[in-house]
Amino acid sequence: MGIKVPLTNRLLSSKSLNVLAFIVSLFQFMGLLVFAINRFSHFDAGIDYAIFNQATYLIGHGHPNPYNTLYNDRFWQDQFNLLAWVIGGIRTIFPSSLTLLVIQAGAISMTSFVVVRFAIKSCDQRDYPKWLRVGVVFGISSLVFTSPWAYEANFFDFHMEPIFTLTLALSLYGFYFNKKRLGYAMIVVSLLAAVATTVFVVGMGIGMIVVKRLRQSGVVLAVLGLVWFLVANVLNAHQSTTFAATYGYLAHSSSTSPSLVSIFEGMITHPGTPISVLNARRGPIAQIFEFSGFLGVFFPPSGLAALTAILTNGLANTPAFIALAQGFQNYPEVILLTMGTVVVVLKLFRFIGSRYESKVSLEVLGKGLGTLTALVAVVLLVVAVNIDIGIPPFWLRVTPAVAKTLGRYYPSRNVEVISTMNVVGRYASRGLIYAWFGDPQSFPICANKQVVVLVGNQYTLPVQNKVVLAESAALKKVHWAKLVASGNQTWIFLLSLPRGSTLTFPGVTDKNGLSGFTCYN
């Protein structure tokens, strides 16, 4: 007869913990998916969702070089999001734009599983005391499954950050456990996702150089990230975040377009400016560390990658880049730091155990450190849940009443759509989509029929409610605009302007000729 393994040991075995982690991540995915479907049915999708919706729709429908009509450039030049071509291929099978939200929810839940799996496998590397294993796995699970940064990342339209967070986590997992093929493959996918990943890849590479057994791979990563950054710059593939516009204020230069060198020079010669900016934004920066377990910054591969990204986002000319309200921006840092926390806690146990081997029992030390880790995790869990509970009401910007009105009329794919930015995302599965921001703005008329969607609730900023009301009243007065649906501060107009003309808001001014515009897609 075989030796009977105690029930507790079976429940705490790596296999059982991995199965449990998978089940919890599956429930997380289902929760995120329910919210995504709810958002989709409420037309609660803005400008960022619209950019990826249009691009992946066109790619999936035979347009290999889609034009971004929302910001008037080629899509690949926006952020070098080459992975969007893969998503476009997926949309040939699943054509609905809901596919984007499903992919995003799946990436976040898979990231949670990878991080917990990383914690379990790290604990398996040595014969750690049972209570230390329990404390670490429970603590890390609490952090990733309740992190406000994860849910904010999911609830804010669609972005590549949640996707390359997963690939960066898999990459760190691969290199740490000597699975180099996985590590390199995921780094390549990360770089293809967005040029912004170069910040993480270079930071992670430099951090890996500090760790002797990871040094060679670290050099490769640092070089890869730097080369990809230079390629993107040579191709001008980061038009949505130019250095001059985002960090020019740091240069202390009279130039309207300061160079990267002058920006760094300004930071060195006038350090008070970046220090004061970071101090003013210390709240959200602290939350990044708070919901990643604090200690991950001391593991160089994750710490340097996160610190580099935090500085990059924290010093931007707008605090939105570092704010929790745009959680997708800093979700990668939170995940990498969380993985680093696992490594540091276990190394701390080994350090104390070896230094005070004659004075303290490893079992007692494991219980103490494991209990402390679990207690900190419980405190952070309570704080996180309180924040998470407050997220859905904030992000459900489009009320059921407005959604019901919008659902009464949905234009065909060959119709040009102009919409207020708060609901433009759902309409972007087409070649011609434009967002109205409330300022004087002209739109090229490139289709035989046009639809104007105006939603004037309190979340239309920067479009003011009174501006939307005035525009709807103006459209009602012109003979070529037909009101096809209205109600609850919502108006949908069907227009019949000639192709090749230009329409200007506010004031409903139409002119023959495109006035410098070109029709694309």
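1. Let me start with helix α10: its buried residues pack against α9 (161–176), α11 (197–210) and α12 (215–234). Here, buried means under 20% relative accessible area, with a 1.4 Å probe and protein chains only, and packing rests on contact, that is, heavy atoms within 4.5 Å. Helices are DSSP runs of H or I with at least four residues, strands are runs of E with at least two, and both are numbered from the N terminus.

2. A word on the source: this is a predicted model, in which local features need pLDDT of at least 70, side-chain atom pairs count only at pLDDT 80 or more, and totals for chains, interfaces and linings use all residues. Residues are numbered from 1 along each chain as its sequence is written, and side-chain values use heavy atoms, leaving out hydrogens and water.

3. Back to α10 (residues 180–193). The buried residues of this helix are G183, M186, I187, S190, L191 and A193. Seen down the axis of α10, they fall within an arc of 150° (taken from the directions from the helix axis to the C-beta atoms), so they line one face of the helix.

4. A polar atom of the T146 side chain lies 2.5 Å from the backbone oxygen of S142. Leaving aside neighbours within four places in sequence, T146 is in contact with Y151, L381, A384, V385 and D388.

5. Now to the open sheet, where 5 strands run in the order β4-β3-β6-β8-β7 with mixed pairing. Strands pair if DSSP finds at least two bridges between them. β4 (433–436) and β7 (481–486) stand at the edges with a single partner strand each, so one side of each has no neighbour in the sheet. From one strand to the next, the twist averages 20°.

6. Within that sheet, β3 (residues 416–420) pairs with β4 in the parallel sense over 4 bridges; V417 has I433 in β4 as its bridge partner. Helix α22 (residues 465–476) packs on the sheet and touches β3, β4, β6 (450–455), β7 and β8 (490–495), its direction making about 35° with that of β8. For such angles, axes are lines fitted to C-alpha atoms, for helices over the stretch in contact, and values run from 0 to 180 degrees between N-to-C directions.

Key
Polar contact = N/O pair within 3.5 Å; in protein donor to acceptor, adjacent residues only side chain to side chain. Buried < 20%, exposed > 50% of the residue type's maximum accessible area, 1.4 Å probe, protein only.
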